[in-house]
Amino acid sequence: MNVRAVAAQVIYQVVDQGQSLTVVLPSAQQKILPRDGALLQEICYGVLRWLPRLESITQSLMNKPLKGKQRVFHHLILVGLYQMAFMRIPLYAIVAETVNATKVLKKPQLHGLVNAVLRSYQRNQKILDTAAVTHASGKYNHPDWLLALLQNAYPTQWEQVVEANHAKAPMWLRINRVHNTRDSYRTLLTANGTETYTHSEANDALMLASPCGVLELPGFADGLVSVQDAAAQLAINYLNPQSGELILDCCAAPGGKTCHILEHQNGVKVIAMDVDSTRLTRIKENLTRLKLKAQVICGDARYPTDCWHGEQFDRILLDAPCSATGIIRRHPDIKWLRCADDITRLVSLQSEILDAMWAQLKPGGTLVYATCSIAPQENGEQIAAFLARTNNATLKIGTPDAPGRQIISGQENMDGFYYATISKTL
């Protein structure tokens, strides 16, 4: 199928129907030639990054919006505008392919409208681009509620976070230390002409200068390496697993941190738990590829005794369900799928899980609370509230006024992430 037509359908499903790009995009890629997969991804991600700006331009060029069954053609226009504004494709090719998509989408009578809008933008691009950034929505390309959250939480850094959210995420690798060291694998990549960078804290991490397909990575199929952001790899530093310990990875799917624990420390027994039975398959696939063993169980973290009848744990990694506002650069649809009420709902859920997990931790044990969020309500405020109601909990990093560690999006090329390490007194 025409790549622009498929892209318009994907954007329609995300923006108008509220579906996740992670779910929609893989099935859409089956409709096009493999060589066009990167182009489809670039267009979809790009439109979602700059959606308000593109919407503003579209409104300026059309007398009335497209509604109902014609909505997909509204998104087709956004697809065309994104290419013209941000991609290095000849303008004639952009216009021709985008107009041709109307035939594929079975509304050839709209080809004139699509052509007219794109041609008008071509003639007046500088004026339209300038007008589109005169308001906060078009300038910052974040929903009002999220922009307000960032401004309140990070009064001196919020523009830095916004800029990071617009950037393309780098590709971080986690080297499997069971098979090799970071330095030895880096040497292997260098020999293949691949430039890499290390991280100051994540000792198993390498960042590629240019992303590539996972099957292009030496030894990927044999378990030598995985893809995982450096911020997520820091979990191992805070958890600090020791041989002989029983460790729970709670809310574990897709299993990256479970595998990292096993790669990092011999002689540990790891239980990987997640509420989503379909996502448990991902954990098992990762364990198989990396030749590692863990007990995988399905259960609701609020009610752990329904699925776990063993002893208490020496260490618990609680990678809590969250708004994912720290990984917008990887998942730009998050900006449009989340709302302010989601934060309130998630805070309540996280609180329930924290209390339930604390009961599963041995006296003297350690719990690491983690999220890929940059919302204070889910992070520092959540942990402060937990410490206030829990007499036998001691904070190990941060201060009572600023508990834990908040990593903001883009910091040392990392995703936005939060960690709090708490010990249970004897």
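With which residue does Asp229 form a salt bridge? Select Asp229 in this predicted model and then Arg330: the two form a salt bridge whose closest N and O atoms are 2.8 Å apart. Asp229 sits in the loop between strand 4 and helix 13 (230-233), and Arg330 in the loop between strand 8 (313-319) and helix 17 (334-337), so the pair ties together parts that are 101 residues apart in sequence. Asp229 is buried, at 7% relative accessible area, whereas Arg330 is partly exposed, at 24%.

Next, select Lys257 and Asp319, whose side chains meet in a salt bridge (2.8 Å, N to O). Lys257 belongs to helix 15 and Asp319 to strand 8, so this pair joins parts 62 residues apart in sequence. Both Lys257 and Asp319 are buried.

Remain at helix 15 (residues 256-264) and select His260, which lies in this helix. His260 is buried, with a relative accessibility of 3%. Its contacts, leaving aside residues up to four places away in sequence, are Arg174, Asp204, Gln228, Gln233 and Ile236.

Proceed to helix 3 (residues 37-49) and helix 5 (residues 71-86), whose axes come within 9 Å and cross at roughly 95 degrees. The two helices are therefore roughly perpendicular to each other. Glu42, Ile43, Gly46 and Val47 of helix 3 make the contact with Leu78, Val79, Tyr82 and Gln83 of helix 5.

Finally, select Val214, Leu215 and Val227, a nonpolar patch on the surface with about 270 Å² of accessible area together. Val214 is located in the loop between strand 3 (205-208) and strand 4 (225-227).

Methods: Residues are numbered from 1 along each chain as its sequence is written. This is a predicted model: local features need pLDDT of at least 70, side-chain atom pairs count only at pLDDT 80 or more; totals for chains, interfaces and linings use all residues. Side-chain values use heavy atoms; hydrogens and water are left out. Patches are made of residues with over 30% relative accessible area and no salt bridge: like charges are joined within 9 Å, nonpolar side chains (Val, Leu, Ile, Met, Phe, Trp, Tyr) within 5 Å. Accessible areas come from the Shrake-Rupley method with a 1.4 Å probe; for residues, only the protein chains shown count as cover. A salt bridge is a side-chain nitrogen of Lys or Arg within 4 Å of a carboxyl oxygen of Asp or Glu. Helices (H or I, at least four residues) and strands (E, at least two) are DSSP runs, numbered from the N terminus. Buried means under 20% relative accessible area, exposed over 50%, partly exposed in between (1.4 Å probe, protein chains only). Contact means heavy atoms within 4.5 Å. Axes are lines fitted to C-alpha atoms, for helices over the stretch in contact, and angles run from 0 to 180 degrees between N-to-C directions. Angles under 35 degrees count as roughly parallel, over 145 as roughly antiparallel, 65 to 115 as roughly perpendicular and the rest as oblique.
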